[in-house]
Amino acid sequence: MAVPAGWRRSATWWGVVALLAGLMLAFAAHQQQRQRRLSEQSLVRGEMASKTYEALLNRLHESESLLRAVQTLFLASDEVTETEFTDFYDNMRPRAQFPGLLALAYAQRESGPQGEHFITRWVRPRKGNEAVVDLDVAAQPSNLAGLLASRDSGEVALSAPFRPVQQTGAGAPDGFTMRLPVFSPGDPPRTMAQRRERMRGSIAVSFRISKLLDNVLQPDAGRQLRLTLYDITDPTRALPMFDSAPAAVADDDFRFERRLAYGGRVLDVVMRSRPTYAAGFDWGQSALPVGVLASVLLALLVYSIVGTRQRALELGWRMSRRFRESEERFRALNELLPALVVLADADGGRITYANQASRNRLGDRITDRRLPELFHDDDLHRQLRAHDTSGCGRMEAQLQDAGGERFWASVAISRVELGGHAKLLLVASDISEERQLNQLLSYQASHDVLTDLYNRREFERQLQALLAAGPRASPIAALLYVDLDQFKLVNDTSGHPAGDQLLAQLAIVMRRQLGAGDVLARLGGDEFGVLLTGLADRDEAERSAERIRRCIDGYVFIWEQTSYMVSASIGGVVIDHSGVSARDLLAQADTACYMAKEMGRNRAHFYSGRDDQTVRRRSEMDWANRLRWAIDERRLQLAYQEVWPLPPGSGSPGIEVLLRFREESGELVLPGVFVPAAERYGLMPLVDRWVIETTLANFDRLHPAGSAMELVAINLSGASIEDAALVEHIIDWLRRYRVEPSRVCFEITETVAARSLSAVARCMAQLRAAGCRIALDDFGAGMSSFTYLKNLPLDIIKIDGSFVRDMLTDPVSHLMVKAVTDIGHRLGLEVVAEWVTDTPTVQALTALGVNRVQGFGLHRPELALFQLD
């Protein structure tokens with residue numbers, strides 16, 4: 001049917017009217033949106049300009065901070081050498097932070113017949129700045145004026161822009177200088193008179209303005225704004241300093257201007273919008289395109305309404321045609337599907353249809369078969385014959401083709417109604433390769449790639465399963481932990497391929513010694529786990545462990561004309577199902593293996609809770625685990641013991657900081673209980689760092705004397721001495737917590753000094769250079785040479801308490817105390833005696849000239865004051 005011509009003309013007319021009305025509304029909305037966009041853009045530029053101004057000010061302050069750091073170097077030192085000045089410059093690496101830096105210079109104040117001079121002595125970097133060396137600042141009036149202004153005010157002085165020698169080509173001067181005075185060491189001067197009297201010289205830093213301010217404008221702001229900077233200190237003459245876009249013509253659509261007074265100069269900071277962005281408008285966010293499109297759609301809609309009846313008839317005819325085409329495409333597509341599609345009668349299961357994939361996989365004569373015959377599962381046969389499809393919505397089953405070959409498939413069977421008849425629809429896909437891949441991944445997840453043994457995860461799962469099964473599975477079982485001795489030697493001498501080959505061969509050797517029900521696994525590295533089951537008693541477990549050890553001990557490994565004798569240490573634990581967890585069993589076996597290594601290696605040792613060494617080892621492991629969490633759980637606490645001066649009452653006491661561990665019950669445990677575990681398991685550096693930082697953070701809250709405390713002693717372990725980064729941390733903590741280094745003393749025992757003399761000497765020298773004091777503790781306990789006193793940088797020696805305790809009854813001990821005291825005084829050292837218990841001992845030590853004493857008889861340790869809070 002054709003649409004009448006009048007209807008078409010009417011539809012066209014109303015469509016045009018609707019289009020014009022829509023366009024008018026869209027244009028009005030566009031104009032309103034454009035005005036709002038311009039207002040928002042102005043606000044955004046204002047925020048960008050404010051942030052750029054703050055960034056400019058921060059850049060000047062950062063440059064001033066560099067000068068302040070150099071000024072602090074001179075304040076903190078009696079005499080700064082050119083080497084120290086150079087080292088400071090190299091360490092600070094100012095050019096990494098300030099790419100525009102030209103030179104850092106020091107001018108020394110000198111007096112002569114013609115008055116004061118300020119001669120430039122040091123310049124860094126020297127290359128390119130040779131002409132500045134020996135330059136007299138007093139010969140440059142403008143430069144001298146800035147120097148004197150910074151001296152009298154104590155604040156930074158900024159120079160006018162100048163043309164540095166590094167600047168080539170035409171253009172405005174691109175350099176300026178900041179200057180600060182250098183005073184003699186001590187507290188910063190407060191008055192102008194003090195500053196003039198203590199002034200030693202002046203430091204200056206020169207920058208390229210363009211490079212220093214190059215990244216002040218963020219990329220987005222730089223695209224929209226043009227930044228210009230003028231020096232207007234002289235109102236009659238504005239000096240250009242910086243222009244972010246010299247080739248661009250600024251637009252007055254937006255303008256931001258601020259006056260910046262800094263370092264005795266007045267700068268005019270101006271930011272204006274760039275023409276590219278002044279009138280720009282984002283058409284992608286405009287409502288006009290959408291309005292035009294909506295207008296067109298509205299016109300089309302009006303046009304379509306007029307011919308509704310005709311279009312409805314035409315649409316019905318098209319849908320009918322498309323349905324027929326869709327049905328034909330569905331049939332063709334169903335034939336091409338890779339999935340198996342089978343249709344069978346619900347009554348009897350005779351197959352009535354199979355697509356091409358089904359015919360190819362199950363045979364061309366599939367329509368001669370019945371649906372249950374496709375499955376290999378007898379239970380599924382019976383279920384389908386009974387017309388029961390429950391549970392068949394999604395399952396994995398084995399199908400068999402016409403030749404009887406079986407394959408795994410993901411199958412879905414459902415009942416459908418077609419033409420009033422009940423049908424069974426089967427849709428299946430071959431998943432044989434997927435199942436093989438899953439089996440491979442499952443195997444790899446539970447086995448070690450190198451040895452083809454179980455890995456640690458599977459071994460622990462097998463152990464868990466054995467414990468869960470209880471005595472029924474195996475009344476007596478055993479867990480063995482096998483660790484090869486000196487395996488690292490093979491890797492180091494012949495390489496890791498040789499080590500890998502040795503592990504693979506030993507896996508085969510050990511597997512031959514085990515029964516069918518035993519489990520062998522590689523736990524990692526050169527460690528193996530064995531799970532023995534079906535044992536008669538503990539003796540059989542020990543015989544099995546010994547048999548494994550002998551087979552490894554007798555094995556000769558040959559690699560490229562080199563032969564190796566191999567041995568192993570074996571730790572075992574008997575599993576009697578007494579409620580012990582798998583985790584505890586593994587820990588016990590590990591402990592037993594460690595004891596086997598402690599007793600000489602190449603032996604088997606079984607865990608026993610009554611074995612003193614095993615109990616000690618387990619206790620140390622427990623303490624190691626507790627110490628790892630002690631800091632987070634606030635179990636560590638600090639105590640102090642007073643150290644009294646001699647003769648009594650001649651001065652205020654110092655203290656020694658002591659460490660304690662607080663049990664859950666509140667009981668305090670002495671360090672002799674847990675420190676051996678911390679030393680064995682490498683936890684002492686962690687503990688020492690906590691003690692040092694906590695002490696310094698609460699320095700004035702350790703003792704009732706508070707800030708009047710003159711000396712606080714802190715002990716350092718041997719492991720911490722070998723920590724190269726510890727000294728840097730200590731210096732950082734001293735600065736952070738504002739602790740005077742001379743009030744801190746670090747104690748190092750004589751045995752630690754004897755074990756690592758070079759490391760101790762290096763650490764002591766660094767700490768003393770920072771201002772701390774150093775004490776050698778327990779001197780005499782290790783019968784070391786007195787040369788330690790001569791070669792180590794010490795301030796204090798502490799006589800071992802075993803000599804002090806017996807000095808009144810043992811002449812030899814008295815002589816030792818006297819000898820150490822005399823030699824210490826000859827070397828200029830302070831002498832401290834420990835373990836002092838009574839007044840007669842104090843009197844005897846006073847007579848010998850000992851400087852300080854400490855001991856339980858004088859003061860028993862107390863918790864630090866901040867710990868009581």
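**Notes on the predicted model**

1. The chain has 30 helices and 31 strands, where helices (H or I, at least four residues) and strands (E, at least two) are DSSP runs numbered from the N terminus. This is a predicted model, in which local features need pLDDT of at least 70 and side-chain atom pairs count only at pLDDT 80 or more, while totals for chains, interfaces and linings use all residues. Residues are numbered from 1 along each chain as its sequence is written, and side-chain values use heavy atoms, with hydrogens and water left out.

2. Of the 869 residues, 44% count as buried; buried means under 20% relative accessible area, exposed over 50%, and partly exposed in between (1.4 Å probe, protein chains only). The chain exposes about 45,900 Å², of which carbon and sulfur atoms supply 53%, the areas coming from the Shrake-Rupley method with a 1.4 Å probe, and for residues only the protein chains shown count as cover. Among contacts (heavy atoms within 4.5 Å) with a separation of 6 or more, 62% are between residues 24 or more positions apart.

3. An open sheet of five strands has antiparallel pairing and the order E2-E1-E5-E4-E3; two strands pair if DSSP finds at least two bridges between them. Strand E2 (115-124) and strand E3 (157-158) stand at the edges with a single partner strand each, so one side of each lacks a neighbour in the sheet. Within this sheet, E1 and E5 are joined in the antiparallel sense over seven bridges, and Gln 108 has Gly 201 in E5 as its bridge partner.

4. A search of the whole structure finds nine aromatic pairs, where rings of Phe, Tyr and Trp (its six-membered ring) pair if their centres lie within 6.5 Å, and planes under 30 degrees apart count as stacked, over 60 as edge-to-face and the rest as tilted. The pair of Phe 74 and Tyr 106 is stacked, because the ring centres are 4.8 Å apart and the planes are at 25°. Since Phe 74 lies in helix H1 (residues 5-75) and Tyr 106 in strand E1 (residues 101-112), this pair ties together parts that are 32 residues apart in sequence.

5. What is the geometry of the pair formed by the rings of Phe 98 and Phe 207? With centres 5.8 Å apart and planes at 65°, the pair is edge-to-face. Phe 98, in the loop between helix H3 (94-97) and E1, is 109 residues from Phe 207 in strand E5 (residues 199-208), so that distant parts of the chain are linked. Both Phe 98 and Phe 207 are buried.

6. Helix H23 (residues 726-736) has Leu 726, Val 727, Ile 730, Trp 733 and Leu 734 as its buried residues. They cover an arc of only 125° around the axis, which puts them on the same side of H23; the arc is that of the directions from the helix axis to the C-beta atoms. These buried residues pack against helix H21 (684-697), helix H22 (718-721), strand E26 (744-749) and helix H25 (757-769), whereas the face turned away from the buried side carries the exposed residues Glu 728 and Arg 735. Arg 738, which follows H23, has a positive phi near 55°.

7. Several backbone values deserve a second look. Most residues other than glycine have a negative phi, and most peptide bonds are trans. The bond joining Arg 124 and Pro 125 is cis, with omega about -5°, and Pro 125 is placed in the loop between E2 and helix H4 (141-153). The peptide bond from Leu 646 to Pro 647 is also cis, with omega near -5°, and Pro 647 lies in the loop between strand E22 (636-645) and strand E23 (654-662). Asp 134 has a positive phi near 65° and is partly exposed, with a relative accessible area of 49%.

8. Strand E18 (residues 556-559) and strand E19 (residues 562-565) run antiparallel and are joined by four bridges. In their hairpin, which has two residues between the strands, Glu 560 takes a positive phi near 50°, and Glu 560 is exposed, with a relative accessible area of 59%.
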